[in-house]
Structures are given as structure tokens and as C-alpha cells.
Amino acid sequence: MTQFIAAPDRRTLLKAGLGLGGAALLGATPRRARAAGPDKINIAYFVGTSPTMIAKGDGWIEDLTKAKVNWIEVGSGAEINTAVAAGSVDIGLGIGSSPTSAGLAQSIGYEVIAMLDNIGPAEEMTVRTAANIKTPADFKGKKVGTPFGSTSHFRLMGFLKVNGLTQRDVTVLDLRPDALVAAWQRGDIDAAYVWSPAKSKVLAAGGEVFRTYDKLEAAGYVIADVIVARTAFTQAYPDAVVSILKANSQALDMWTATPDKAAELIGKQAGVSTAVAKEDLLQYDFVSPKVQLDPAWLGPPGKPGRFAEVLQGTAKFLAEQKSIRSVPDLSVFQKGINTGPLAQALA
Amino acid sequence: MHRIPLRAWTVLSAAVLVAAWLTLTWGGYVRDLFLPPPDELWDGFWDLVTDGYKGRTLLEHLEASLWRIFAGFVTGAAVGTFLGLAMGYWRSVEALFAPFIEFLRPLPQLAYLMLLIIWFGIGETSKIILLFLAALPVSAVAARDGVRNVPVQRIHAARSLGASEWQIFRHVVLPSALPEIFTGARIGVGVVYGTLIAAEIIAGSSGLGWMILDAGRFLRSDYVFVGILLIGLMGLALNWALVALEARIVHWAGR
């Protein structure tokens, strides 16, 4: 278990135990936490092209944790937040940094335990070729669709801000990915900020990439997908969490070592062809667990890295959007990152 | 028991609910995420009033929703009632339309939401059509049954007095069917109301339904509750308006 976050908790627990004069309790606490694994793990996931899909498809998590896994398909990070708040989800795979920032700001009771990927160019602006949009100023009077509350929405708003545009200049519409594709095909929108498979579909239907990600990343609009775990779950079943992260990093290793084989398995799970899966996968920067422990990202156990600042930066945007009430201190996001299990999974 | 006025029971149930709310929230038993306390709810409401929600004022959201409900309901109820009257009056018209009306009536609107987007786009048209389709079958069935239930003796009496078909329809059938048409309209408003959120899923950025959905995504329960209260009160007001109209037009009903 982590030294940084859980240690004070356990210390308090032990102190309480000692205070009660329960020497037996002192011995019992760690044993109870370690001995029994969970019977069932509720894991929320997105259907998409991510190496995690191999771990799901081939039952690696079930094998390593020896628990039954209840796989819950979700369509947005917001659903994961709601489900965790309700206690119905223990692990959220691939939740975006925007909903994660909102979840931590509202202390719904989870921690970031690992990253999946740095989204980079995988979520990007697509413009209709016929709309003749060449510069940011050309967006004036145009309609752009994006799923509100997503990492793409965050990037799009960043794009407007960086270029001195407002929502009075550009009409921003809230469209779920499937509805977005439909609206695009009808010609109702001129541009879309979204991820694949919706992105590849609009690109195929008369769209072209309008590159924004590099400038936006430089301006601090970094977006990523992470793995979150309900804090109470991690405390109760630290070993299971380590196993899940092991399964995930094995899947990533497979993608790195044998991309074609991995793409085939992932494509099958995501319902797309091997070629499309590979093309999508190549756009993501899947940050290796070792690099995640670097101060530039999540940081080593006990020393939360720069990613806490990314999450706080996102919270600033969310507060401006009135999606959260106020921007919490950086410490809230630092405490929301727990790389203890990840370090253990690597060891 | 019967000495206690009925209103007192209503006040009592409301008071118990409010007391439970105050105890749970201010007493710290429930987090604001799950149930916001009154002060937060008020702050949320005031925030919405002064600052609006995501680029629009609260009034603009309210207006957008009201307009959609109005347009969808009025068109749906008008066409539905017209069709229902014809269906009740002429068996052949009923045979023509009944299968579609009966099929459409129990169909969940979300089931064909995607089709409406593809066919009519993401603007107001698809939203209003969705509400129109929700209101239409309810009104049609109510009007048809209204005509069906007109006592035959009344029609015979009018006919033997030498009334023309049009006069029978205008002075006997229509007035007799009106109470049921109004009941249908009130149910229709309810259905349209229930469909509003589904309609506003389509490429929103305006409307109370969209606001509730969007705020819900971020677990902003204060905005969600404010939205629900507003939508609920608006529904009550609409129902009252219809009841008042009914009392005015079909004042003889039930007598």
C-alpha cells in the first residue's frame, strides 16, 4: 500500500487501536486487510481502442485478482463519477482528466492510481473541408459540436480562449459522440472536437484535421485518461488493486511488443477492424507505468507529480464553467493521486 | 379525523418533508453531493438567476423549454384532437389511422430520438417534433373515445329534430366529447413534459431539461434540484391553467 496517503490513515487507525488497548487489534488490522480478496470487483470501462481491452477480453484481471469482475460499460466519465459516488463502481478505467478533476474537487471518494494515456492528438478538432476553415478566426459564426464535460470540451474551450474567441462568436453544441456523427452527416455542424471512433467517422465524411493539440498542450491544456479507484476499495483490498494494475501494464507491454497482435485483439473487443484499431492506438501516447512514476506525470509514491497541477488547471476551467463550485487547493489533487499500488505492481 | 381540514394534512406532509430535509442536511447526516441543504440550494438558485448557466440566463433556459413545450403540445394536441374526432365519427378514418396511433402511443420517445436527429437535424425542429409526437396519440385517443361515448339517444334526438350532420357534430358530438378532450390535453401536457428532457438531450445548450442533465453530469446537485423544482412548479402552473380553462369552457361537465 502507499506510504503517502494511506500511511497517516493507518497510523491514526493504529493509534485508535492502541488507545482502546487492543493489542490484538494491532495484529488483526493488517491481516484482515490482506487475507481476503474481494468477491466481486465492479469495473467501469469504455468500449474503445485501448490496450486495457486486452486485459478485459482475455480475463487477465479475473485471473490475477481471483475475483469475479462485474464489467460496467459507460459512455462518459460523468457516469463513472456518479457510480463511484453511489458506491456502485470500484475501479474506473480510462476516465478523462476533466471528469477526474471534477470528481476530486467534489471529493466523491476516489484516487487516481495510474494513467492510461496522454491523449495528445487522439482528440482533435475536425473541420468540414467545405467550410473552408483555415485559421482560428475562420471559426467565427461556425457551429462546433463536442460532448460537454469531456476532455475534448475542455480542449475546445481552451482553443477558443487562447484565440480570443467567445461562445458568442462560435456556437458550441453539446453532442454525444453518436449524435455528433449524425449531425455531421446532415451538415448541421461545421466542426467537431471529439475522439475516435466518432472522430474517424467525421474525418471519413468530408472532414479534415485542424491541428490544435500541440499549441494547447504548451498552453497548459493537457488532457489524459487515467484509472481511478474508490478510496475505500483500495484501502480494503490493496492487493487486488495492485493486480489490476499489473494486468493493465501487461496489456500495455503486449501492445508495445506485438502491436499487430494487440491491435487485432483490441479491435475485436472494440468492434472495429484491426487496421482501424491500430491507427487509433497509434495516436495515443500510452505512458508506461515507469514513466508515470516520474515527477513530470503522477510522481513516485508520496511525491505527487505535475499531473496534480494539470488536474487543478482543469478544475479552474470547470469552475469557470460552473461545473464545480470552486477550485480546490493543489493539495486536494496531490492527495488524490496515489501511486503506491502502481509502484508495487512494477516491483 | 374528519374534523381536521384536508389542507392541514397537505401542510403536515410538506412540513414533515422539509423537516427531514433540514435534519438530514444541516445535521450533517447527508453530504451536499447527495442532497444540498436549503442555503446551498438558495445560493445555487441565486447564482443561476444572476449569472445564468453556461452562456444563457435562467430566464432564457426557462423560455426555451416553455416554447418547446408550447409548440410541441399545441401542434400535437390540435392535430391529435382533430384526428381523434374524425376517427370517432367515421369508422373508416379510424381504420386508416388507429394502427399508427396505437403503435406510437406506448413507444418510448428515446427509442426514435436518433432517427429524428438524422431526419430533422439538431435544431428546434427535431425537438418540437419529438414533443409533437408525444402529445398527438394521447389527444387523438381521448378525442376518439370522447366521440364514441356520446349517448346515441342524443344524436338520434337531434336527427329526428331535423339537424344536419354538421349541426349534430357541432352542437351535440363536440360538446359531449369536450370533457374527455380536456382530460386528454392534461394527460398530454404531462407526457410532453416527461419528454422534454429527452428532447433537450439533442444538441442542447439551452432549456431547463438540458441544464438538469448537464449539471447532473458534474453532480452539481444544487442546480439539479433548482431545475427540478422549477420544472415541477412550471408543470403545476400549466396544469392549473388547463383546469381553469376547462372549468370555463366545459363548466357543465360532471353535472
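Visitor: In which sense do strand β6 (residues 143-146) of chain A and β8(A) pair, and over how many bridges?

Guide: Two strands count as paired if DSSP finds at least two bridges between them. Strands (E, at least two residues) and helices (H or I, at least four) are DSSP runs, numbered from the N terminus. Here β6(A) and β8(A) pair in the parallel sense, over two bridges. Gly145(A) is the residue that stands opposite Ala192(A) in β8(A). Before we continue, please note that this is a predicted model, in which local features need pLDDT of at least 70 and side-chain atom pairs count only at pLDDT 80 or more, while totals for chains, interfaces and linings use all residues. Residues are numbered from 1 along each chain as its sequence is written, and chains are lettered from A and ligands numbered from 1 in the order in which they are written.

Visitor: Which strand do four bridges join to β8(A)?

Guide: Strand β5 (residues 124-128) of chain A is joined to β8(A) by four bridges, and the two run antiparallel. Val127(A) has Ala191(A) in β8(A) as its bridge partner.

Visitor: Which residues of β8(A) point one way, and which the other?

Guide: From strand β8 (residues 191-194) of chain A, Ala191(A) and Tyr193(A) point one way, Ala192(A) and Val194(A) the other, and all are buried. A residue is buried if 20 or more other C-beta atoms, placed from the backbone, lie within 10 Å of its own, exposed if 12 or fewer, and partly exposed in between.

Visitor: How many strands form the open sheet that contains β1 of chain A, and in what order?

Guide: Five strands form that open sheet, in the order β2-β1-β3-β10-β4 of chain A, with mixed pairing. The edges are taken by β2 (68-73) and β4 (110-118) of chain A, each with a single partner strand, so one side of each is left without a neighbour in the sheet. On average, neighbouring strands are turned by 20° against each other, direction ignored. Within this sheet, β1 (residues 40-45) and β3 (residues 91-96) of chain A are parallel partners over two bridges, and Ala44(A) stands opposite Gly92(A) in β3(A).

Visitor: Across which strands does α6(A) lie?

Guide: Directions are read from axes, which are lines fitted to C-alpha atoms, for helices over the stretch in contact; angles run from 0 to 180 degrees between N-to-C directions. Helix α6(A) lies across β3, β4 and β10 (224-230) of chain A, and runs at about 120° to β3(A). Helix α12 (residues 238-257) of chain A also packs on the sheet, where it touches β1, β3, β4 and β10 of chain A; its direction makes about 5° with that of β4(A).

Visitor: Why is α6(A) described as largely enclosed by the rest of the structure?

Guide: Nine of the nine residues of helix α6 (residues 97-105) of chain A are buried, so the helix is largely enclosed by the rest of the structure. Among them are Pro99(A), Thr100(A) and Leu104(A). Just after α6(A), Ser107(A) takes a positive phi of about 35°.

Visitor: How many residues of each domain of chain A take part in their contact?

Guide: Domain bounds come from an automatic or database domain assignment, which gives domain 1 (36-119 + 224-346) and domain 2 (121-218) for chain A. Their centres, taken over C-alpha atoms, are 25 Å apart. The contact takes 16 residues from domain 1 of chain A and twelve from domain 2 of chain A; residues are in contact if their C-beta atoms, placed from the backbone, lie within 7 Å. On the domain 1 side, α6, α14 (274-283) and α16 of chain A each supply at least two residues.

Visitor: Is Pro295(A) buried or exposed?

Guide: Pro295(A) is exposed, with 12 other C-beta atoms within 10 Å. Its place is in the loop between α15 (289-292) and α16 (307-320) of chain A. The C-alpha atoms of Pro295(A) and Gly305(A), ten residues apart along the chain, are separated by 4.2 Å.

Visitor: How many residues of chain B are in contact with chain A?

Guide: There are 18 residues of chain B in contact with 23 residues of chain A. Helix α5(B) gives the largest share of the chain B side, three residues.

Technical notes. Two residues are in contact if their C-beta atoms, placed from the backbone, lie within 7 Å.
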